[in-house]
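This report is meant to be read beside the sequence and the model. It goes through selected features of the fold one by one.

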Amino acid sequence: MTEAVEFDVVVLGAGPTGENVVDRLRAAGLSTAVVESELAGGECSYWACMPSKALLRPVTARAEARQVPGLRQAVQGPLDTEAVLAHRDEKAAHWKDDGQVGWLESTGARFYRGQGRLHGPKKVVVDGPEGEHHVLTARYAVAVCTGSRAALPDVPGLAGAKAWTSREATSSHTVPGRLIVVGGGVVGVEMATAWQALGSQVTMLIRSVGLLPKMEAFVGEHIAEALTEAGAQIRTDVEVASVERTGGTGPVRVVLDSGERIEADEILFATGRAPRTEGIGLETVGLEPGSWLTVDDTCRVEGSDWLYGVGDVNHRALLTHQGKYQARIAGAAIAARASQVPLLQTDRWGAHVATADVAGAPQVVFTHPEAAAVGLSLAEAEAAGHRVRAVDYEIGDVAGAGLFADGYRGRARMVVDLDREIVLGVTFVGPGVTELLHSATVVVVGEVPLDRLWHAVPAYPTISEVWLRLMETYRG
């Protein structure tokens with residue numbers, strides 16, 4: 001069956017980014033089609049944010065409880081692995097997308113399941129199930145929201161080793177006795193934390209000198225210390241030369257560049273992401289298949305007046321919440337252009353520019369201890385030419401932290417622009433610090449003057465009193 005239909009906008013990808021583009025277009029009264037080749041809800045719902053945090057929450061809750069007098073003796077036993085995995089399955093909706101599809105259709109959008117690909121300007125063809133073939137034409141725009149996938153390095157033997165990527169790491173129904181984790185970024189440290197707590201003996205192999213190299217150095221140091229105390233082995237400044245696994249079954253062996261061999265039951269490669277832009281027809285509009293899409297601040301692809309790249313595909317900020325933010329910006333920009341309303345691009349924080357991607361993108365790492373950061377690190381601020389000062393404070397010295405946990409260990413850093421007297425970035429590491437992050441985001445995005453921030457009084461005794469201590473340290 002072949003169907004030809006016209007819509008105001010066609011969206012490729014029904015993950016969180018695509019869903020939010022649809023929502024904004026609905027609010028603007030534009031007709032929309034959304035195409036998804038896998039599950040509506042995308043990577044975040046089934047193989048990333050939701051299942052990974054469901055795995056991690058019991059780990060961090062137990063670790064925090066063990067630091068509370070009167071409670072620690074009650075939580076000394078192992079985690080109930082079966083219950084943790086069952087809870088993970090529930091939070092991943094058992095890998096069924098009925099609810100997500102129902103929500104999309106409730107917006108008035110037309111949902112197409114199948115492989116969608118561009119077929120020239122403003123045209124998308126969809127090969128659906130049972131021989132269905134649809135030709136969709138967009139009056140105003142096509143938004144590519146197909147996300148990213150795990151990128152595997154070119155390592156001899158890896159192709160046949162059936163290595164885990166983030167998908168297998170978040171969906172496995174068995175706990176490997178020994179797990180090698182290659183990579184020290186967010187996926188690597190979170191999955192090392194989860195599986196070590198569930199009973200795996202984890203060995204991390206890191207090319208760099210520390211964990212989480214894109215964050216302030218002290219963050220990786222705190223998390224490495226906690227992982228080591230939990231029983232994980234962390235090997236830094238090493239590189240995998242080859243992987244061996246006969247027939248893709250049985251133990252997997254890693255050969256390091258030094259010649260040393262390490263054996264495990266499973267191996268996870270958490271070594272980066274690549275755009276899911278292959279096979280979607282980019283070549284029909286003069287773009288390279290499999291490439292990141294270069295966009296302006298409205299998320300419109302450079303050189304095009306109709307094609308948008310929103311979320312991971314544009315490589316601006318590979319975070320679910322930033323993809324949703326970009327979707328709100330792009331949806332507003334598409335609607336404004338469709339109705340010929342002038343865009344507010346001259347306002348750095350206007351309705352049609354995704355400024356937070358570069359100035360105020362928050363990130364959380366759900367390990368124990370947790371890590372949270374927004375804006376620029378000290379190194380990034382200095383590299384950008386700002387005259388800055390880093391203000392540090394040990395969070396464990398705050399009264400609220402001592403009540404939160406015995407022996408609380410953590411650190412906060414505020415990066416201050418000395419010329420403008422505003423905060424360019426904030427980083428926290430420590431138990432429970434993720435809930436401090438939005439206040440930091442408001443400070444950074446709102447460019448709150450430090451003289452005004454002095455009047456923002458944190459409640460006593462909460463960990464948020466670290467804000468007062470940072471300000472006191474800055475003012476001397």
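The model is predicted, with residues numbered from 1 along each chain as its sequence is written; local features need pLDDT of at least 70, and side-chain atom pairs count only at pLDDT 80 or more, whereas totals for chains, interfaces and linings use all residues. Side-chain values use heavy atoms, with hydrogens and water left out.

## Nonpolar cores

A nonpolar core is here a set of buried Ala, Val, Leu, Ile, Met, Phe, Trp, Tyr and Cys residues joined through side-chain atoms within 4.5 Å. Buried means under 20% relative accessible area, exposed over 50% and partly exposed in between, with a 1.4 Å probe and protein chains only. The largest core has 35 residues, and the members that touch the most others are Trp195, Met204, Leu211, Leu212, Val219, Ile223 and Leu268. Two or more residues each come from helix 3 (49–65), helix 4 (81–91), strand 8 (178–182), helix 7 (186–197), strand 9 (201–205), helix 8 (217–230) and strand 18 (370–375). Helix 7 gives the largest share, six residues. Helices (H or I, at least four residues) and strands (E, at least two) are DSSP runs, numbered from the N terminus.

Leu211 shows what such a position looks like in detail. Not counting residues up to four places away in sequence, Leu211 touches Gly184, Val189, Met204, Ile206, Gly220, Ile223, Ala224, Leu227 and Ile234, where contact means heavy atoms within 4.5 Å. Another core, of 29 residues, lies apart from the largest one and includes Ala412, Ile463, Val466 and Leu470.

## Helix 1 and its two partners

Two packed helices are described by the angle between their axes and the distance between the axes. Axes are lines fitted to C-alpha atoms, for helices over the stretch in contact, and angles run from 0 to 180 degrees between N-to-C directions.

Helix 1 (residues 16–27) packs against helix 5 (residues 98–106) at an angle of about 20 degrees, with the axes 10 Å apart. The two are therefore roughly parallel; angles under 35 degrees count as roughly parallel, over 145 as roughly antiparallel, 65 to 115 as roughly perpendicular and the rest as oblique. Their crossing is left-handed. A crossing is left-handed if the near helix is turned anticlockwise from the far one by less than a right angle, and right-handed if clockwise. Glu19, Val22 and Asp23 of helix 1 meet Gln100, Trp103 and Leu104 of helix 5. These contact residues divide into three nonpolar, one polar and two charged. Ala, Val, Leu, Ile, Met, Phe, Trp, Tyr, Cys and Pro count as nonpolar, Asp, Glu, Lys and Arg as charged, and the others, Gly among them, as polar.

Helix 1 also crosses helix 9 (residues 320–338), at roughly 30 degrees, and the axes come within 8 Å. Helix 1 is thus roughly parallel to helix 9. This crossing is right-handed. On the helix 1 side the contact involves Pro16, Thr17, Asn20, Val21, Arg24 and Leu25, and on the helix 9 side Thr320, Gly323, Lys324, Ala327, Arg328, Gly331 and Ile334. Five of the contact residues are nonpolar, five polar and three charged.

## Two buried residues

Phe218 sits in helix 8 and counts as buried, at 4% relative accessibility. Phe218 and Arg411 are 193 residues apart in sequence, yet their C-alpha atoms are 8.0 Å apart. Leaving out residues up to four places away in sequence, Phe218 touches Arg411, Arg413, Thr427 and Val429.

Gln67 lies in the loop between helix 3 and helix 4. Its relative accessibility is 17%, so Gln67 counts as buried. Beyond its neighbours within four places in sequence, Gln67 is in contact with Arg72, His368, Ala405, Asp406, Gly407, Tyr408 and Pro431.

## Backbone details

His368, a contact of Gln67, takes part in one of the cis peptide bonds tabulated here.

| Cis peptide bond | Omega | Location of the proline |
|---|---|---|
| His368–Pro369 | about 5 degrees | Pro369: loop between strand 17 (362–365) and strand 18 |
| Tyr460–Pro461 | about -5 degrees | Pro461: loop between helix 14 (450–453) and helix 15 (466–475) |

Lys162, a residue other than glycine, has a positive phi, near 50 degrees. Lys162 is in the loop between strand 7 (148–150) and helix 6 (166–171) and is exposed, with a relative accessible area of 56%. Glu421 is not a glycine either, and its phi is positive at about 55 degrees. Glu421 is in the loop between strand 20 (411–417) and strand 21 (422–430), and its relative accessible area of 30% makes Glu421 partly exposed.
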